[in-house]
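Trainee: I have the model open and want to go through it piece by piece. Can I just ask as we go along?
Mentor: Go ahead.

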Amino acid sequence: MSRITLTRFLIERQRNKQLINADLRLLIETVARACKAISNAVTKGALAGNLGSAGTDNVQGEVQKKLDVLSNEILLEANEWGGNLAALASEEMETPHPIPTHFPKGEYLLLFDPLDGSSNIDVNVSVGTIFSVLRCPKVADGGYCEADEQAFLQPGSTQVAAGFAVYGPTTMLVLTVGDGSHGFTLDREMGSFILTHPDIRIPEDTQEFAINMSNMRRWEPPVKRYIDECLAGTSGVRGKDFNMRWVASMVADVYRILTRGGIFMYPRDEKNKSGRLRLMYEANPMSFIVEQAGGAATNGSDRLLDLKPEGLHQRVAVVLGSKNEVERVAGYHK
Ligand code: F6P
C-alpha cells in the first residue's frame, strides 16, 4: 500500500469530506514545513550555535532561548505571505502580528507556541511546536473583523485545526481538523510527513500520571487527594499501583498519553493561582487533539474548550488525558 503523505491526507479531507478548504490546507502544510525547519535547527543544536539563551525575556517574563526566537521567526516568515491569514499570535510576542500590508489577507487566525518545553533544549530532551487555527469573526457587512487581540479571544471549541510537532528521537506531527487525531512521522530523506498513526485513540483508563510533584505542598485539596490515592497504589482506595512520568515538555507528555494513555495535570496552586500553562497556545490546541482522540480535558470544573478567553496570554489549570481519570479528578473538584 502506498504511503499517505500529509499533502494527500489533507487533499482527501478537502475533496471527500469537505472538512477543510484550500486555504486551510495551505496553512496546515505551511506550518508543517516550518516545523521541519525548526526540527532541523533543533537537531543541529550546538553545531549551528543554536543552544543557550538569547539574552532577552518574552512577554511572560521568561528567559528566551535562541531556539525560541529562531522558531518564532521561522513560523512568522513561513506564514505571513500565503494570503490565508488575517493575523498571527505567538506565545513569544505580546500582541498579534499583523499581515504586512504588501501581502494579501485571508480568513484564518494562527496561534502558536513556537518551541514548547524550551527549558529542555540545552539538556537534549524533546521539545516541540504547538499550533491552533481559528476563523477571523465576520462583521455585519460579511467582511472580516479587525484582526486584533479581541478577534483571537474565541473558545477552543471554535478551533478549525490544531496540532503539534514533537522533536524527539523521531520528529512527529499530530494533527486534527475535527475528524480524529492523526500522527505523521517525518521522513527526513523524503522531506515529507507520512501518516503512521491514523485515528489515535487514548485508552479510557490508565495507571500513569504526569504532574510536577515539587508543587505538591501548594496544590488544592482535590488534586492532592487524587495524587495521594494514586501514590497509595494497591494498598489504597484505587487498589492498583500507578506509575509517574514528567518530561517537563507538554508536547512529549501529551504525545506519550496519545500513545499509551495517562493523565497530565498542571493544576493551579498557591504560586500559580490561575495555573501555569497558556490557554490559547497550549491548553486549547492540546484539548482539541485529546478530545478528538477520545480523551477529556478540564480545568477541574469546566471543559477547557468551553472557556471564553479573557486575554491572549491567559493562564489556565490543565487536566487532560484518559477519560475516566480526568472525569474522576473533575468529580473531586465538585
Ligand atoms: O509551558 C511550558 C512548559 O515547559 C510545558 O511544556 C511543561 O509541561 C511545563 O512548562 C513544565 O513545567 P515545570 O517547569 O513546572 O516542570
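Trainee: Which residues does K36 touch, leaving out those up to four places away in sequence?
Mentor: K36 touches L186, G191, S192 and F193. Contact here means heavy atoms within 4.5 Å. Before we go on, this is a predicted model, in which local features need pLDDT of at least 70 and side-chain atom pairs count only at pLDDT 80 or more, while totals for chains, interfaces and linings use all residues. Residues are numbered from 1 along each chain as its sequence is written, and side-chain values use heavy atoms, with hydrogens and water left out.

Trainee: Where is K36 found?
Mentor: K36 is in helix α2, residues 22–44. Helices (H or I, at least four residues) and strands (E, at least two) are DSSP runs, numbered from the N terminus.

Trainee: Is K36 buried, partly exposed or exposed?
Mentor: K36 is partly exposed, as its relative accessible area is 21%. Buried means under 20% relative accessible area, exposed means over 50%, and partly exposed is in between, with a 1.4 Å probe and protein chains only.

Trainee: What about E229 and P100, how far apart are they in space?
Mentor: E229 and P100 are also 129 residues apart in sequence, but their C-alpha atoms are 54 Å apart. E229 lies in helix α5 and counts as buried, at 12% relative accessibility.

Trainee: What is E229 in contact with?
Mentor: Leaving aside neighbours within four places in sequence, E229 is in contact with V237, R238, R328 and Y332. The side chains of E229 and Y332 make a polar contact at 2.5 Å. A polar contact is a pair of N or O atoms within 3.5 Å; within protein, one must be able to donate a hydrogen and the other to accept it, and residues adjacent in sequence count only if both atoms are side-chain atoms.

Trainee: Y332 is in α8, then. Which residues of α8 are buried?
Mentor: In α8, residues 323–333, the buried ones are E325, V326, V329, A330 and Y332. They are on the same side of α8, because they cover an arc of only 160 degrees around the axis. The arc is that of the directions from the helix axis to the C-beta atoms.

Trainee: Why would residues a few places apart point the same way?
Mentor: An α-helix has 3.6 residues a turn, so residues three or four places apart point the same way.

Trainee: What do the buried residues of α8 pack against?
Mentor: They pack against α5 (221–232), β13 (263–266), β15 (296–298) and β17 (318–321).

Trainee: New topic, the ligand. Which residues come nearest?
Mentor: Of the 13 residues around the ligand, D116, N212, M250, Y266 and E282 come nearest. A residue counts as near if one of its heavy atoms lies within 4 Å. D116 has a polar side-chain atom 2.9 Å from an oxygen atom of the ligand. An N or O atom in the side chain of W246 is 2.9 Å from a ligand oxygen atom, and for R276 that distance is 3.3 Å.

Trainee: How much of the ligand does the protein bury?
Mentor: The protein buries 85% of the 400 Å² that the ligand exposes when taken alone. Accessible areas come from the Shrake-Rupley method with a 1.4 Å probe; for residues, only the protein chains shown count as cover.

Trainee: Which residues do ring pairs link into a cluster?
Mentor: W246, F264 and Y266. Rings of Phe, Tyr and Trp (its six-membered ring) pair if their centres lie within 6.5 Å; planes under 30 degrees apart count as stacked, over 60 as edge-to-face and the rest as tilted. By this rule there are four aromatic pairs. F9 and F184 have ring centres 5.0 Å apart and planes at 85 degrees, so that pair is edge-to-face.

Trainee: Where do F9 and F184 lie?
Mentor: F9 lies in helix α1 (residues 6–15) and F184 in strand β9 (residues 181–187), so the pair ties together parts that are 175 residues apart in sequence. F9 and F184 are both buried.

Trainee: Last one. What does the side chain of S287 reach?
Mentor: The side chain of S287 reaches the backbone oxygen of A283 at 2.6 Å. S287 is in helix α7, residues 279–292, and is buried, at 0% relative accessibility.
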